[in-house]
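I am keeping notes on what I look up in this structure. Each entry takes one topic.

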Amino acid sequence: MNDAAIMFPSMAEQEPPGKGPGFLTNPPNPDPGTAGTESQAAEPASPAEMMYREGGDPPADGNYGDALGGFFDQREREARYNQQAELVGELAEARQAVQEALASYQIGKTGAQELLCLADDYGRSPRSAEALEVLTASCREEFEKTYGEQLPHVMAGAWRVFTELQAKIPSISEYVEAGMGSDPRFIRALIQAAKTRGYVQKGKKQ
């Protein structure tokens with residue numbers, strides 16, 4: 001069973017109707033692979049900056065059990081009820097991978113819950129091509145107003161975070177294609193993580 005089926009069974013049943021270039025997968029940087037090169041290297045964020053998150057502070061013990069429970073518990077119960085031992089194990093592995101990713105980027109507790117709900121929404125209800133086009137245009141307009149000429153640089157940092165996440169959680173790309181990659185809430189989370197990691201230079205518009 002593939003990653004998509006593990007995390008969002010409904011996505012394994014159909015090709016996301018909105019699959020195609022979205023804001024994240026078609027950023028305003030012609031070469032997102034340049035993120036993190038020496039010319040764009042930056043100092044890590046200060047401890048104060050690293051502690052701040054729009055979604056609150058990260059849990060003191062690094063445990064995102066509450067947010068993960070709301071996302072995985074029902075799926076695991078159903079798998080046990082249906083005696084799907086292999087799926088139970090795969091769900092446990094997926095839970096651990098998401099836990100490690102959230103802790104690695106120091107995502108706030110409420111922010112983690114919002115991201116998991118967001119992913120669940122797009123996983124269960126992929127956006128149509130028409131809806132994705134509107135969502136992408138709206139997202140691009142919002143971030144162009146926020147970052148102006150610095151947007152390509154900021155998005156290069158966000159893209160670097162995404163590629164790191166993709167290596168840990170391969171199925172995330174399917175939800176990005178389903179529309180999450182054009183949702184401002186997801187993009188903001190990636191940008192915040194990029195700032196935390198120092199992938200966006202200090203002095204750039206925050």
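Before the first residue I need one term: a helix here is a DSSP run of H or I with at least four residues, and helices are numbered from the N terminus. The model I am reading is a predicted one.

Entry 1, serine 173. By that numbering, I find serine 173 in helix α8. Is serine 173 buried or exposed? I read a relative accessible area of 18% for serine 173. Buried means under 20%, so serine 173 counts as buried. Leaving out residues up to four places away in sequence, I list Phe162 and Gln166 as what serine 173 touches.

I looked up the largest nonpolar core and noted 49 residues in it. Which residues have the most contacts inside this core? They are Leu24 and Phe186. The elements that give two or more residues to the core are α3, α4, α5, α6, α7, α8 and α9. I then took phenylalanine 186 and wrote down what it touches beyond four places in sequence: Leu24, Leu115, Leu118, Ile172, Val176, Met180 and Gly181.

I counted 18 residues in α7. From first C-alpha to last, α7 reaches 26 Å, close to the 26 Å expected at 1.5 Å a residue. Its buried residues include His153, Gly157, Trp159 and Phe162. What do the buried residues of α7 pack against? They pack against α4, α6, α8 and α9.

Entry 4, aromatic pairs. How many aromatic pairs does the structure hold? I noted three. One of them joins phenylalanine 143 and tyrosine 147, and this pair is stacked, with 6.4 Å from centre to centre and 5° between the planes. Both residues lie in helix α6, four residues apart, which is about one turn of the helix. Phenylalanine 143 has 2% relative accessibility, so I mark it as buried. Tyrosine 147 has 9% and is also marked as buried. Next I looked at tryptophan 159 and phenylalanine 162, whose ring centres are 5.5 Å apart; their planes are at 50°, so I call this pair tilted. These two residues are in helix α7, three residues apart, again about one turn. Phenylalanine 162 is buried, at a relative accessible area of 3%.

I found the charged end of arginine 75 over the ring of phenylalanine 71, 4.8 Å from the ring centre. Arginine 160 lies over the face of tyrosine 199, and there the distance to the ring centre is 3.9 Å.

Where does aspartate 183 lie? I place it in the loop between α8 and α9. Aspartate 183 has a relative accessible area of 4%, so it counts as buried. Its side chain is joined to that of tyrosine 122 by a polar contact of 2.7 Å. Besides Tyr122, aspartate 183 touches Leu118, Leu135 and Cys139, with residues up to four places away in sequence not counted.

I end in helix α5, where leucine 116 lies. Leucine 116 is buried, with 9% relative accessible area. Which residues is leucine 116 in contact with, leaving aside neighbours within four places in sequence? I list Ala67, Leu68, Phe71 and Val98. Valine 98 is 18 residues away along the chain, and the C-alpha atoms of leucine 116 and valine 98 are separated by 9.4 Å.

Terms used. Residues numbered from 1 in each chain as written. Predicted model: local features only at pLDDT ≥ 70, side-chain atom pairs only at ≥ 80, totals over all residues. Heavy atoms only, no water. Core = buried A, V, L, I, M, F, W, Y, C linked by side-chain atoms within 4.5 Å. Buried < 20%, exposed > 50% of the residue type's maximum accessible area, 1.4 Å probe, protein only. Contact = heavy atoms within 4.5 Å. Phe/Tyr/Trp six-rings, centres within 6.5 Å; stacked < 30°, edge-to-face > 60°. Lys NZ or Arg CZ within 6 Å of the ring centre and 35° of its normal. Polar contact = N/O pair within 3.5 Å; in protein donor to acceptor, adjacent residues only side chain to side chain. Expected span 1.5 Å × (residues − 1).
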